[in-house]
Amino acid sequence: MANGVESQNALGARVAEIAYQCSDVVVSVQPTLATESAFSTQLQALAEGQAVSRVSRKPAEVIHVRNNADPLLSVFRPIREGKLTSVTTSSSILLRAIPHLYKLANYPVVIHVALEPSQYPDYSNITAIRNCGFTFLQSSTAEDVQDIGISAHALAIKSGKGVIHFFNLANGQQEAIEPLDPQALEIVDLDTAHLFQSKKSSESAIYVDEGRQANLTIIGGPDRDTPAITQPATNGTNGTNGTNGHKAPQSKAPGISHESSVASSNRASSVSTDQDATSEATSVEPITIRPVTSEDIYQILTTTWSRLSAITGRSYAPFEYHGPGDAEVVILVFGGDEAEFSSAIKSSSLGKVGILTIRLYRPWLGAKLAAVLPKTAKKVAVLEQIRRKTTKWGPLFLDTLQSVRSAGGSPLEIVGYQLGHVHQASIPQALKIVTDNIQQEKPAQNVVIGSVDGPQETSTAVAQPQVENAYMKVLSQLFGHRLYIANQLGAESTGVSTEVTATPEYGFGALTARIERRQRLVKQVEGALAENKFSSKKPVDVLSKWLVNSENSDQSNELASEVISSLTADKSPVASQLLGEKSHFYKESQWLIGSDAWSYDLGNSGVHHVIASGANVNMLIIDSTPYSKRAAINAEQRKKDIGLYAMNFGNAYVASVAVYSSYTQVLEAMIEADQFKGPSIVLAYLPYNKEDESPLTILQETKNAVDIGYWPLYRWNPHPEKPEDRFHLDSERLKKEVEDFLRRDNYLTQVMRRHPEFANNLSGSYGSEVRSLQKRRAKDAYEQLLEGLAGAPMTVLFASDNGNAENLAKRLGNRGKARGLKTIVMAMDDYPMEDLYSEENVVMLSSTAGQGEFPQNGRSFWEAVKNSTDLDLATVNFAVFALGDSHYWPRKEDKIYYNKPGKDLHNRLVTLGGSPLTDCGLGDDQDPDGFQTGYADWEALLWKALGVDKVEGLPDEPPPITNEDIKIESNFLRGTIKEGLEDTTTGAISASDQQLTKFHGTYMQDDRDLRDERKEQGLEPAYSFMIRCRLAGGISTPQQWIQMDDISTELGNQTMKLTTRQTFQFHGVVKGKLRPAMQAINRALMTTIAACGDVNRNVMCSSLPQASKYHSEVWAVSQKISDHLLPSTTAYHEIWLQEENGSKTQVAGNAIVDHEPMYGPTYLPRKFKITIAIPPHNDTDVYAHDIGLIAIKGSDGHLKGFNLLAGGGMGVTHNNKKTYPQVGRMFGYVPKDVVHLACEKIMLVQRDNGDRKNRKHARLKYTIDDMGLDVFISAVEALLPFKFEPPKPFKFASNIDTFGWQKDENGLNHFTFFIENGRIEDTPDFAMKTGLREIAKVLKGEFRLTGNQHLIVSNVADAGLPAIKKLMKKYKLDNTNFSGLRLSSSACVAFPTCGLAMAESERYLPELITKLESTLEEAGLRQDSIVMRMTGCPNGCARPWLAEVAFVGKAFGAYNMYLGGGYHGQRLNKLYRSSIKEDEILEIMKPLIGRYAKEREEGERFGDFCIRIGMIVATKEGRDFHDNASCDTILI
Ligand code: SF4
């Protein structure tokens, strides 16, 4: 096979190529979007390769649609827009598509149909739709599929009518197929195609017939038999000249003199045809417009085939006869193997027998059939491959009968056969059976040839896309056995195909019937009670109660079982009669699952029928259009808003929900829909491109859609108890249409009144024009400012992630100004690109993000510069400075990423004709002064090139503001926080307040998932705040748990994070809700003060479920230390807790000044962390903190004192060897009563000796290493009235939690839950948050948060156990059956909220572990604990450096890998690989796990193993962390 296509789908690939070449749009119908069809791979390849379609003259658009998503709906839009559209599909969709087929038949659509099942196709799928108006062409071999496939397009374009081209894929399986012959494509008439493409159609309805009809324009009068040109035109109600929309063709149009293709250029309606034509009429030649006839089809086809024959030498006809010219028996074959039958007849010894095959099935040209039969024929055998016969005579039999009868001549005998599956080798035998039978005097009719069942074949099942199950799960969780989904996929329904039962229309019919049956039952019960012919009294009592409550689901369901048992016991005839309908005593929650496909033509859709019926039916409609694809498919134009439609109707409950945005709101909406008496429509958003889309992508798409208002979350109740409950807006931004509706009906004021904070969002109108306008205004304003200044202009543009490039740019701007230049400084993406060519001097600074990418605020600018083809910079001088780190990518092949954005930009500007002022400047973090080293030289060259290097008398530059300045200026942490909170024009607070609020326990963040989209829309980033509580030892009462849960739901993002430092953290608290949240935390008797910032933070303590008494003694010390080291400022109370009219308001600048006896006005140089561990559990990672206390038990079993470690710490900067993680060093033993003093004095020595100039070198670990351990200890002892004693013996066994139930020494019970990465949230699969809340309601003990981000329900007395266990079971919280790896894992938050994150962590680690679990299973290590940790950056919040294996984010999707940490947190790990991605991680981990399983020694831990086998060198302490890293050698 030379260059042929060879694959199982070779034939499919060929058809796909033809469809692509002959169309503007190809609708590729697939079993699921994740499962390829016989055509889709090829289509995808062509589209991705931007192959140019012959008729489109550009790449064709390929739309992928699932076969159960009403695929032919996707044809209407493009075909009506004048785009030649074809479909590739299997025959399984055809029956359901009948209503569309009738309408599409009058458009030049081509549907290429692969018959199913391919081993033994069922032709009933074709015969059933034979009258839908399409032309049907069949191809039977790999060779003719090309010719007939192209003919189908040529015919459709010429006739204006739809063509179905059907074939059997199996025919191409064994054969090699020659490449597509481009010459054959020439039979497609491009002029007519372009004529069609030049106009849009005016039809819009999908569910009603607008009477469109394909017409032909005949030039030269009615005698001319070959149609000159096709001209489909609309006749009908919405069209032009008919009243009922049927067949009112124009018989005459005015004469048109030019060529036919131009003459009939208007195809939108016959009225406009008239007008256009009239205006151009110059000729006398008559023109006739009339509907396309069968004869026309035949004529066009004959012409097409003769042209084809001239090109290829192959000939075709509507019916093709193979066999002797004097045949007496003719066998007409309509089945998958007709080609084999034809060739078999040639070599058979059957004598005067021939085979007839069908090329053109519809229109059925009976006369042509009769004409092709040999004159000698006496008998015709009709073989139809129809698997399930429903009528005695097959459709082809009847067609044939009719044809030969009407042909006249001597009567022929017709005998019908049912053609089953015939193996190729048995075809001669089958032919013999057929001929033997037919030659009988009285041949038997309907003889079956071959096997009717055919070979076993897996058919393509209709599947509910996996992702859509999310909503089904919520429904079944909420309504349990009450749930009835009328159109459930896979539901059994006798005799009706699942494809039909799954349709909403079928479901609605079924539901209506069900509702009526229940109503009948209610009537029956009423009658039975009135007659009272029961044999006992009980049924009367319970039935009366039931009758009263029959519409109340809870109560009628409660009574239903009682009713049934009383009727069963009664045994009277009336009781038995009622029992016949017993399932209807239960009141179901009845749902229909609809499709957003209905939004195309709402007035005729299932939604309309449901609403109009007024029935109490709930409908869930899932919209899966990804937000990012909305523009590409022009969703707004195509779809109508179902929600608005339903709200306008006035009688329906309507909700718009998104499970990946607010699970709680989904629950509320579904409950409300269920309770609403009348139709309810719940519109549910679930955006995905493929069914196996990652949840993270779905989440990000959903967030953007909700945030921007494309998919607002709301609930609408037309008959609320209180008027203000009519409309609830549950997200923050509404789309315009809904807003208009509310405004019109005056509900907007209600919404505004309830949510004044939404006012801006509601009335805002956003879009990309706004963004360009903003850019324009900013630049113009700048220029105005500079007007009148002398000196050359210099525009400084920056792209900056962490502020370095931005600060440098601003400083450069100031320095330029000082040198007399007119300078403008702005972010690259804020700069209006259209001005670039007119700049005189432009200077650009860019740092390096990710894998050598531009930082976020320079990406669009770079894309524009990179892709511009007409940007001429011939008059522009430019200079570029790049910032990066030459060691960031240790591998040789990655070195190109170093300063890549800057270098690329420089080169591109040269290419565009710009004149460089300097070479590209390179700033390297590895230089002695970091990037400043290279920058200083570059800046000097720049001034020189601009001729301003010799300027005298430059002013002194003010030193940059440091954190220390901010603290001093803040008046004990007040700053301007209070004023900032009152500013409603922005969701942000000032930069210096952002530093100060950390001391108050809150950080400003922005949602990084939304950054790009919001920027695109001209919005500021989605700012919100993270709030961290202070919770010494991680103990919370049940009441506090409920209060925390409330805060997260009402004021945060509906989730809570249990942190690695045993406290609650809330994310997504917007500025306006910050004070209420702080106040709510305070009401729960908690605080957030000093939870972050340069102070002592939350003090941790082992959670120790095994020994409650001992635990409470140790925990009391953690509380005492925490209180002792609390800052004293009253700013916290003033800012957050005091009411507006409170008596004491001390804001910045007031006379009263606070006092911080311990900290002083500048607090500590850096954060300070203390933890307590109780051996043998190192679950708080005692070596990782500034102070680590190891509890020592006395011989009396009580707490005696602590061994004190100091100088542990995790924060590191990638590639900066001056930074390193460190383990705490032993100071000695301290008795329990004075341990708080020891902590205080260590803190004070750090306060006075820590580095306040360089925050990267300010932690206690560096102070101790710089001063020397002994010197530091002496300095502490000098402040203490005692000395450290020698440490007492202790032993740690592990640093992970023990999951499941444990009993303590008091007989109380404790259960440790596995909370993956500490995230408390509800999902459709796991209602964890709700479950824990329910437990909190009944718990008499307490909750303990562990240092591994898990949770213990503690101190449960035996009596309370059953209730807790029941709830745990109900909410699946009792599951601890996870792999040892998962149970020992932890991850920090990272994306989307952490501003420092370079890579995903919490959202990714679970996925990575899943990918490793099968390897663990195979290796027999499922239960073994391996401590694995991940963080999104080297700040190290999840303490990765102490894990046996760790991954630390380097760039998006890339991690540094560390190995060799100590199992119980006693040893740091070491860098093994740098910047590796998932595939490389798996490549390393999988064999390593295998080796560990086989080669480990008894009891040997994974980290130790890696060191023993030489994978990694052990790290002794922080200062040798960077030595001997093995990241350039592969050892396994
Ligand atoms: S480790 Fe880094 S990415 Fe993770 S939460 Fe901490 S600062 Fe953010």
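The model is predicted, so local features need pLDDT of at least 70, side-chain atom pairs count only at pLDDT 80 or more, and totals for chains, interfaces and linings use all residues. Residues are numbered from 1 along each chain as its sequence is written, and side-chain values use heavy atoms, with hydrogens and water left out.

Let us begin with the helices. Helix H1 (residues 10-21) packs against helix H2 (residues 40-48) at an angle of about 40 degrees, and their axes are 8 Å apart. That makes H1 oblique to H2, a term for angles that are not under 35 degrees (roughly parallel), over 145 (roughly antiparallel) or 65 to 115 (roughly perpendicular). From H1, Ala-13, Ala-16, Glu-17 and Tyr-20 meet Gln-42, Leu-43, Leu-46 and Ala-47 of H2; contact here means heavy atoms within 4.5 Å. The residues of this contact divide into 6 nonpolar, 1 polar and 1 charged.

Next, look at Ile-355 in strand S14 (residues 353-358). Ile-355 is buried, at 0% relative accessibility, where buried means under 20% relative accessible area with a 1.4 Å probe and protein chains only. Beyond its neighbours within four places in sequence, Ile-355 is in contact with residues including Tyr-321, Val-333, Phe-341 and Leu-431.

Finally, find His-1067 in strand S36 (residues 1064-1069). His-1067 is buried too, with a relative accessible area of 2%. Its side chain makes a polar contact (N or O atoms within 3.5 Å, one able to donate a hydrogen and the other to accept it) with the side chain of Gln-1065, at 3.3 Å.

Key:
Axes fitted to C-alpha atoms, helices over the stretch in contact; angles between N-to-C directions. Helix = DSSP H or I, 4+ residues; strand = E, 2+ residues; numbered from the N terminus. Nonpolar A, V, L, I, M, F, W, Y, C, P; charged D, E, K, R; others polar. Buried < 20%, exposed > 50% of the residue type's maximum accessible area, 1.4 Å probe, protein only.
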